[in-house]
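Hi everyone, thanks for making time. Let me put the model up, and then I'll walk you through it.

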Amino acid sequence: MTTGASTRSAAARPPRSRLRTFLPLGIAAWLVLEIWLLTVVAGASSGLTVFLLLLAGFVLGAVVIKRAGRRAFQNLSQAVQQGTAPASGGGSGLMMLGGLLLMIPGLISDAAGLLLLVPPVQRALGRYAERTVERKLRRAAPGTLGDAFQQARMHRPDGKVVQGEVITRDEPGGDTPQGPRPPLTR
């Protein structure tokens, strides 16, 4: 039975991005690999050893996240007190990601989390991410979210903000307001 509504043909649908196609496959492969590696390690040693490794990764990850969060908060509060912009490139975000990977059960995620805690790796990944974001923002089409970020990042030549108040004059020479005004909400 047809309803008369037209359906999109395969040619009319927008193409699927590579990330949307391969991300679920990558996550499934990663989970299978993590489970396989845990069973191999459990067979080589014991289940208690695997449990202790996972518990140590969780505790270390929690400590790293707490430390990185505290460092980021201290940098932000120091910048606010001095009236400057917070220092970028502190690596707190990558440290938190490393801590999160340590907290996720699995040996591969633990190795990736430990790798993210190494300062040269943090710097290299930070530079790569910054270049990638800049490139994506430059290619953003008008009317997209990337375009909005690009517009928000435009710098004014003098950086000044002019604050003011709008005064409507209903009567000639009447600068004083006539009583209380109604609220602006409906």
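First, some ground rules. This is a predicted model, so local features need pLDDT of at least 70 and side-chain atom pairs count only at pLDDT 80 or more, while totals for chains, interfaces and linings use all residues. Residues are numbered from 1 along each chain as its sequence is written, and side-chain values use heavy atoms, with hydrogens and water left out.

So, what does the secondary structure come to? The protein has six helices and zero strands, and read along the sequence the pattern is α-α-α-α-α-α. Helices here are DSSP runs of H or I with at least four residues, strands are runs of E with at least two, and the numbering starts from the N terminus.

How many of the 186 residues are buried? The share is 15%. Buried means under 20% relative accessible area, exposed means over 50%, and partly exposed is in between, with a 1.4 Å probe and protein chains only. The protein exposes about 15,500 Å², and carbon and sulfur atoms supply 64% of that area. These areas come from the Shrake-Rupley method with a 1.4 Å probe, and for residues only the protein chains shown count as cover. As for contacts, meaning heavy atoms within 4.5 Å, 53% of those with a separation of 6 or more are between residues 24 or more positions apart.

Now to helix H4, residues 107–116. Its buried residues are Leu 107, Ser 109, Asp 110, Gly 113 and Leu 116. Which helices cover them? The cover includes H1 (18–44), H2 (47–82), H3 (92–103) and H5.

Let's look at H1 from that side. Leu 37 lies in helix H1 and is partly exposed, with a relative accessible area of 24%. Leaving out residues up to four places away in sequence, Leu 37 touches Leu 107 and Ile 108. The C-alpha atoms of Leu 37 and Leu 107 are separated by 7.3 Å, although the two are 70 residues apart along the chain.

Glu 34 is buried yet has no salt bridge; the nearest side chain of opposite charge, Arg 67, is 22 Å away. A salt bridge here is a side-chain nitrogen of Lys or Arg within 4 Å of a carboxyl oxygen of Asp or Glu.

Over in helix H2 we have Val 50, which is buried at a relative accessible area of 10%. Beyond its neighbours within four places, Val 50 is in contact with Leu 38, Val 41 and Ala 42.

Finally, the surface. Leu 48, Phe 51, Leu 52, Leu 55, Phe 58, Val 59 and Val 63 make a nonpolar patch of about 680 Å². Patches are made of residues with over 30% relative accessible area and no salt bridge; like charges are joined within 9 Å, and nonpolar side chains (Val, Leu, Ile, Met, Phe, Trp, Tyr) within 5 Å. Leu 55, one of the patch residues, counts as partly exposed because its relative accessibility is 40%.

There is a positive patch too, and its residues include Arg 18, Arg 123 and Arg 127. Lys and Arg count as positive and Asp and Glu as negative, with His and the chain ends not counted; a charge is placed at NZ of Lys, CZ of Arg, CG of Asp or CD of Glu. Helix H5 (residues 119–138) gives the most to the positive patch, with six residues.
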